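Hi,

Here is the structure I promised to pass on. Have a look at it first, and then read my notes below.

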Amino acid sequence: EIILERGAYLPMSDGTVTLNYSMDKLEGIIDISGEVTEDIGNAPSEQPLPTKEPTNDEPDKQVVDPEKPMVALTFDDGPSKHTERLLDIFKANGGKGTFFVVGNLIDNRKQTVKRVVADGHEVGGHSWSHRQLTKLSIEDMTNEIMNTRAKIYSVTGKDTTIMRPPYGSFNDETRSVCRDNGVVMINWSIDTLDWKYKDADKVYKTIMKD
């Protein structure tokens, strides 16, 4: 399995691409003498869909006052090396977040995704390989959404009915696929452009201003 991370070899809109080759075809091309792990994840089409209700051991819910202004903290593109740090920050300072995860990254960080749920945070899908959904067929779009949902369920025992489309890009077909599968699409009301500026003060000021 060879993973081409989005933006490194292909256009960002093509997402992360996974190439699968048999060992005999790779021999003589790359060094395959190292240890091979069995648990390297499945292709999206191989993911089972949830067939039973999630477990009932819900984490403690926070009391929310709807009369007060609120900010929803959401994090995309994980699980990654940054996710554990974010969870540690929440643990030290309180509050909960929503983590929109990419399906083909989960197998390498299963414990991190389990911790998101165990710590009482919300987890949602962010497609299987971060491809722009509006450029896909109905079938491929459905697989991107539902196989990520299935992977989250298989790892955490929790079904999720929320997803965030990569790049915030959606159309009528995306709405239709989500509606037909009981999934709610979640975008954002304030675009902080944190990925562009990487400046905490600027992000904070943008949020507070808007």
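Predicted model: local features only at pLDDT ≥ 70, side-chain atom pairs only at ≥ 80, totals over all residues.

**What I found**

His130 is not a glycine, yet its phi is positive, about 60°. For background, most residues other than glycine have a negative phi, and most peptide bonds are trans. His130 counts as buried because its relative accessibility is 3%, and the cut-off for buried is under 20%.

His126 belongs to the loop between β5 (122-125) and α4 (138-156). With a relative accessibility of 1%, His126 is buried too. What does His126 touch, leaving aside its neighbours within four places in sequence? The list is Asp76, Asp77, Phe100, Val101, Val102, Thr148, Arg164, Pro165 and Pro166.

Now for the chain as a whole. There are 7 helices and 7 strands, and along the sequence they come in the order β-β-α-β-α-β-α-β-α-β-α-β-α-α. The chain has 210 residues, and 33% of them count as buried. If you take contacts between residues at least 6 apart in sequence, 63% of them join residues at least 24 apart.

- Tyr167, in the loop between β6 and α5, is another residue other than glycine with a positive phi, near 65°. Tyr167 is partly exposed, with a relative accessible area of 34%.
- The peptide bond from Gly78 to Pro79 is cis, with omega near 0°. Pro79 is in the loop between β3 (74-78) and α2.

Next, helix α5 (residues 172-180). Which of its residues are buried? They are Thr174, Val177 and Cys178. Seen down the axis of α5, these buried residues fall within an arc of 95°, so they line one face of the helix. Among the elements covering the buried residues of α5 are α4, β6 (162-163) and β7 (184-185). On the face turned away from the buried side, α5 carries the exposed residues Asp172, Arg179 and Asp180. At the N-terminal end, α5 is capped by Asn171, with a side-chain oxygen 3.1 Å from the backbone nitrogen of Glu173. After α5 comes Gly182, whose phi is positive, near 70°.

Finally, have a look at α2 (residues 83-93) and α3 (residues 110-118). Their axes come within 10 Å and cross at roughly 25°. That angle is under 35 degrees, so α2 counts as roughly parallel to α3. The crossing of α2 past α3 is left-handed. On the α2 side the residues that meet α3 are Thr83, Glu84, Leu87, Asp88 and Lys91, and in α3 they meet Thr112, Arg115 and Val116.

Asp119 lies in the loop between α3 and β5. Not counting residues up to four places away in sequence, Asp119 touches Leu87 and Lys96. Asp119 and Asp88 are 31 residues apart in sequence, with 9.9 Å between their C-alpha atoms. Asp119 is partly exposed, at a relative accessible area of 24%.

Cheers

Methods. Residues numbered from 1 in each chain as written. Heavy atoms only, no water. Helix = DSSP H or I, 4+ residues; strand = E, 2+ residues; numbered from the N terminus. Buried < 20%, exposed > 50% of the residue type's maximum accessible area, 1.4 Å probe, protein only. Contact = heavy atoms within 4.5 Å. Arc of directions from axis to C-beta. Polar contact = N/O pair within 3.5 Å; in protein donor to acceptor, adjacent residues only side chain to side chain. Axes fitted to C-alpha atoms, helices over the stretch in contact; angles between N-to-C directions. Parallel < 35°, antiparallel > 145°, perpendicular 65-115°, else oblique. Left-handed = near helix turned anticlockwise from the far one by under 90°.
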